[in-house]
Amino acid sequence: MMNRAPVDILRPRWNPAYFRRAQRGLALVTLALVAGAVVGRLIAGALFGGHPPALILLSVLPALGAMITLAGLAALTFWRPIARFLRRFAVVVFYAAVVGLVALVWVVALAIDRVDGLARAMPGGELTTDAIYHGLPAAIRFRVVSWLLWPLQFPIVRDLIALVGIVGFINLFAAYAIWWERKVAGRIQSRLGPMRVGGWHGWAQSPADGIKLLGKEDLIPAGADRVLFRLAPYLAFVPAVCGFVALPFGSGWVFRDLDVALVFVLALVDIEVLGVILGGWSSDNKWSLLGAMREACQLVAYEIPMGMALLVPVMMIGTLSLTRIGDAQQYGWHSWLAFQNPFAFVAMVAYFIASLASCKRAPFDLPEAESELVAGFMTEYSGFRWCVFFFAEYAAMFIVSALCVTLFLGAWYSPLPASWGTGLANGGLAARAIHGVLFSGPLWFVAKSLFLIFMQMWLRWTLPRIRIDQVLYACVQVLLPLTMLVVLGQTLWQLLVTPGSAVAVIANVLCSLAGAVLLGGFYVLMAHGLLHRRRLVGALAVDHLPGA
Amino acid sequence: MLEAVLFYLFAGVVAVSGLAIVLSRNIVRAAAWLLGALGGVGALYFLMAANFLGAIQLIVYAGGTLVLIVFGVMLTSRHAAAQARPRRWEIIAGTAVCALLFAAMSAALLRTEWSSDANPATGGYPIAEIGNELLTTYLVPFEVTSVLLLVVMIGAAYLARPERK
Amino acid sequence: MSTRRTLQSAPDLLADLDAEAMDQGKLQTEEMLINMGPQHPSTHGVLRLVLRTDGEMVLETTPHIGYLHRCAEKIGESVAPYQYVPYTDRLDYLSAMNNNHAWSLTIEKLCGIQVPERASTIRIIMAELNRIASHLVSLGTYGLDMGAFTPFLYTFREREYILDLFEAVCGARLTYSYITPGGVTDDLTEDFVDRCRAFLDYFVPKPAEYNQLLSYNHIFIERTAGVGVISPRDAIAWGLTGTCLRATGVKWDLRKCLAYDIYDRFEFEVPVGLPEGGVMPVPPGMPPVVVPAGVVVGDSWTRYALRIVEMYWSAHIVRQALDRLPAGEYRAKVPRTLKLPEAEIYFEAENPRGQLGFYVVGNGTSIPSRVKVRGPCFNNLSIVSHVCRDCLLADIPAIVGSIDIVLGEVDR
């Protein structure tokens, strides 16, 4: 009590009556679910002979539900100690949550793997829970586990889990990319960014903002086309999610291994344009309309250099399949496609610039230009709909960065050649985990994409905005001839230079060195800023002058 | 079984969208329904394992042609609900022509022998084959198409040139 | 034409289409009236700009003002000169010290009050510091208009130190009422000189940072060079003063040309706009500003860069003032009820945004019978309708931002 800050007095207090009602409701629901689980077990045993789907539906699911509601009840009842704990150990909680999510994904992948192995070993037909039970390692040999793993043998269940994983990843990533962007923006602007919500560096800012946006009034302008106004945000968001269907996160970590994956992802990024145009049109607002028009112009124009720059790695490997292009880069830093020859390097830079324009990021963020058109096509959108547009933008950012990483920067492979890790790859659980961290795995893929997204954020908070006619000038008169030259150069290179010859090796070495120097320079800059952050006056806090 | 369900679903989407385009009074909404139709056709291509064609359908039609149409609609209609009211004789003539067309197409479809063992392209790498065919067997249409596109670009640039004052 | 019959409910659609124009193959697009403001992030204050645009091109701009009118001139007819000082604070609220200075000089000239030298020196220190602060805001918000979010925070970080200094002498951060007829309201604090010197040492390397980040940035130059060019003839004809006038090449600064107060005892130069390749003069020891290629005299970039150079010169003047700060009285002995003679006076001073003029008519009592405020931003803004024609929509914030208006002064 004594140590509470004065501002706590201003914090809203929950209505005690609602509080007690919520507690009673949750307790009742928990008891009901527990009873239902027990009864369901008996019924499943008696009527269905212990058939797994019945067991799961009638017993396991209610039990899981009971656990969730019990956790909710505990959180509600003991919120004060929990809040105190969170505030003191927020750092640990944050990182533990990240590690926990990664571990959860890994465990699910392992389970699917194990069930797959067992199913293949079966001569044919369905895998029974008994077979699963006996196929489990001794440490986790429980009936419950075999019931939980039984549905994983059906492709549709696996597809559903993968979809849940994808959508969950997108939402978590978008939410935390917003927080990260605010911190990065703050640091670049010599301030701190969100610091209050959740205690440690405002890590709970995103969920808090999400809850606030969900509670906002649902405003539709009077003269707006109601159907299209409602449809537009989802037209922008859904293609971004669908793009993840063909995006490989690791060897075997792809939802559908399409042989035209690259064209598929490009097609879906293309359709987002429509969501933005319809959003601007249906707002019945001249400003939104202008923003939508400029946006469509810009996006459609920059698709051409984007596509042409992406032709270079396609030509090098000879396939549109992202998994095969990724697998071709497993031999270490020098095998990454960006470092094969100078044309590939320039193609990567050209693609990065074109992808900035296609995500409407600064310096190409004219459609969202706050100071000119208020918020462009998003002017009339508020609350959850605005949130969906924002999520669509961050999902698109991830997709274009992921494409750049897959096609130019080694996909999910680390700079170490994968051949050094074959021993680890075939070992036990711990060995495979280490292999995933050191050599190849989704962690590398996500980390590299996040690096490119950090580049995008860095550019946004440094450079001013380019005018629309200059944007189009840059596209048609600079980027397009550049990419055409690069494609031509790559063609000639492939025709005239035999792989393994002196010229190819020298080019490879030089480009790899250039890439390494650039990356090293980046880390040196970061380290310098981190070490000397107290020396740069006003970098993190407004220090007062001597005598103040 | 799943394939049949998906086929009927997407075919239904295409059919409903097509009807909605024709029956919609609001031009921009018609354009939005067109997205549904084109997207549905793309999905049908994917169902037939013609992945490349499906992706190209989405890029060229849904992402290119449709954007162009929506742009044109947005720039030339001042009110969002620019309505086109057909007159009675136009409705009758249109219905008659559509009915005739429908009869002719159904007759053609019903009389054809659809061989049931037509397999989608499996094995090999269809995209490489498409590329090869485009540059060997179908080279002349390919080049003619590119010349046509060039003519279109020049025409557009000429029409949109700034006025000399 | 068959289209006329079917699109019957939108007959005005075809009103813009001219049959002859269609035959000649020209494409007619329609004109829109776009309303920018009064609430708008990039019109610096409550300004309403009505733009007649054709697609992305702006054909005509009409500014509508008056949203911040607070009857400042009428109030001058009912309060005494001392009481009017807070009202002058709120004219151009970003350069309140300069407004106070101009008003105090007007009343002193009207009443023949002699101000001690220490008071004058303190006044000049405050006025020049406020010039630096005002230009910092102008530069920061201009970068914000152009989409560069970061320089805004850097300039405001520097401005925080200046506001700390002002708070030490008079307790206020924005509206000071510190410079009054007769002198200043209170003496400087003991550590003010040291703190001010420390601030100047900290501040002088900073504009080079802004140059690296914004002024020489290729994108920024592309957006501002050659945009909104004003000729010297137009500038004088439309009554432009201050940085806008000097950017067109006219060397006119009241601090030099009129040398009011004790400005004639300080050494400083008046920078003007130069063509590309020109080197803008800066005080000794400070990095020069070179005009990059593509810049035209009188365009937005020149106006923006001139403010940076003026900050350098203001810092130079403050250093000289701190060095020569004499001991003595900080205000003259002025009667409590100051009776204004039956005379009239018009006096102008050089504010950061131009020449602020006060016209006071005394009638023997302590309350003037007429106070007229000549706000520089009012005249500077008037050229917007002349300049913002046949430009792109994205050029409007570039031009309006570079003219640097504060609506408090436009509307009074």
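Helices (H or I, at least four residues) and strands (E, at least two) are DSSP runs, numbered from the N terminus. This is a predicted model, in which local features need pLDDT of at least 70 and side-chain atom pairs count only at pLDDT 80 or more, while totals for chains, interfaces and linings use all residues. Residues are numbered from 1 along each chain as its sequence is written, chains are lettered from A and ligands numbered from 1 in the order in which they are written, and side-chain values use heavy atoms, leaving out hydrogens and water.

**View 1. A four-stranded open sheet in chain C.** The strand order is 1-2-3-11, and the pairing is antiparallel. Strand 1 (31-36) and strand 11 stand at the edges with a single partner strand each, so one side of each has no neighbour in the sheet. Six bridges join strand 1 of chain C to strand 2 of chain C, and here you can find M36(C) opposite L49(C) of strand 2. At the other end, strand 3 of chain C and strand 11 (residues 391-392) of chain C run antiparallel and are joined by two bridges. There M57(C) has L392(C) as its bridge partner.

**View 2. The hairpin of strands 2 and 3 in chain C.** Strand 2 (residues 48-54) and strand 3 (residues 57-64) of chain C pair in the antiparallel sense over seven bridges. Look for V50(C), whose bridge partner in strand 3 is T62(C). Two residues lie between the strands, and G55(C) takes a positive phi near 70 degrees.

View 3. The antiparallel strands follow the order 8-9-10. Strand 8 (344-351) and strand 10 (370-374) of chain C are the edge strands, each pairing on one side only. Direction ignored, neighbouring strands are turned by 15 degrees against each other on average; axes are lines fitted to C-alpha atoms, for helices over the stretch in contact, and angles run from 0 to 180 degrees between N-to-C directions. Strand 9 (residues 354-361) of chain C pairs with strand 10 of chain C over five bridges, and V361(C) has R370(C) as its bridge partner. Helix 5 (residues 96-111) of chain C lies across strands 8, 9 and 10 of chain C, running at about 150 degrees to strand 8; contact means heavy atoms within 4.5 Å.

**View 4. A salt bridge between E117(C) and R324(C).** The two side chains meet at 3.1 Å, N to O. A salt bridge is a side-chain nitrogen of Lys or Arg within 4 Å of a carboxyl oxygen of Asp or Glu. E117(C) lies in helix 6 (residues 117-145) of chain C and R324(C) in the loop between helix 14 (300-323) and strand 8 of chain C, so the pair ties together parts that are 207 residues apart in sequence. Over all chains, the count comes to 34 salt bridges.

How values were computed:
Two strands pair if DSSP finds at least two bridges between them.
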